[in-house]
Amino acid sequence: DPLGAERLRAATVAWAPLLGALHAVGFRPYLELHRGGRDDPLRLYCELEDELLLDLSIEDEEIPDEPPDQIDGDWAVFIQDGDGNYLADVLIDPTIDHDGLAHKLAELVEAVTDGDRPMFVHW
């Protein structure tokens with residue numbers, strides 16, 4: 001769908017500072033339309049080693065097409081294994097900058113790979 005593809009391109013450019021911060025800590029981030037339709041919510045994903053998937057959104061809703069001046073709600077972060085089991089379900093303060101968020105996510109992934117299962121906590 002050309003409209004959905006253009007929306008993804010524009011959102012990727014708009015979110016480039018966050019995507020770059022995530023890349024700088026070793027992630028391979030990408031935006032995706034949740035179910036593939038042009039009007040579907042945007043989600044931010046990072047495929048990790050060992051078939052883990054990091055899913056980042058605001059209040060478990062979506063990522064807006066452009067970063068807002070102020071994020072209304074916490075960052076919601078999930079890490080799933082290859083079978084879809086949740087290994088982490090945490091919230092992160094929305095006032096954190098992109099570099100700080102990237103480093104917190106790296107700490108979270110490290111904790112999960114070390115065997116921790118943070119669920120329903122602020123990270």
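The model is a predicted one, in which local features need pLDDT of at least 70 and side-chain atom pairs count only at pLDDT 80 or more, whereas totals for chains, interfaces and linings use all residues. Residues are numbered from 1 along each chain as its sequence is written, and side-chain values use heavy atoms, with hydrogens and water left out.

**Overall fold**
- The protein chain contains three helices and six strands, taken as DSSP runs (helices H or I, at least four residues; strands E, at least two) and numbered from the N terminus.
- Read from the N terminus, these elements follow the order α-α-β-β-β-β-β-α-β.
- With a radius of gyration of 14 Å, close to the 14 Å that the globule rule gives for 123 residues, the protein chain is as compact as a globular protein of that length; the radius is taken over C-alpha atoms, and the rule is 2.2 Å times the number of residues to the power 0.38.
- Of the 123 residues, 40% count as buried, meaning under 20% relative accessible area (1.4 Å probe, protein chains only).

**Packing of α2 and α3**
- Helix α2 (residues 16-24) and helix α3 (residues 98-113) have axes that come within 8 Å and cross at roughly 40°, the axes being lines fitted to C-alpha atoms over the stretch in contact, with angles running from 0 to 180 degrees between N-to-C directions.
- In contact (heavy atoms within 4.5 Å), Pro17, Leu18, Ala21 and Leu22 of α2 meet His98, Asp99, Leu101, Ala102 and Leu105 of α3.

Technical notes. Buried means under 20% relative accessible area, exposed over 50%, partly exposed in between (1.4 Å probe, protein chains only).
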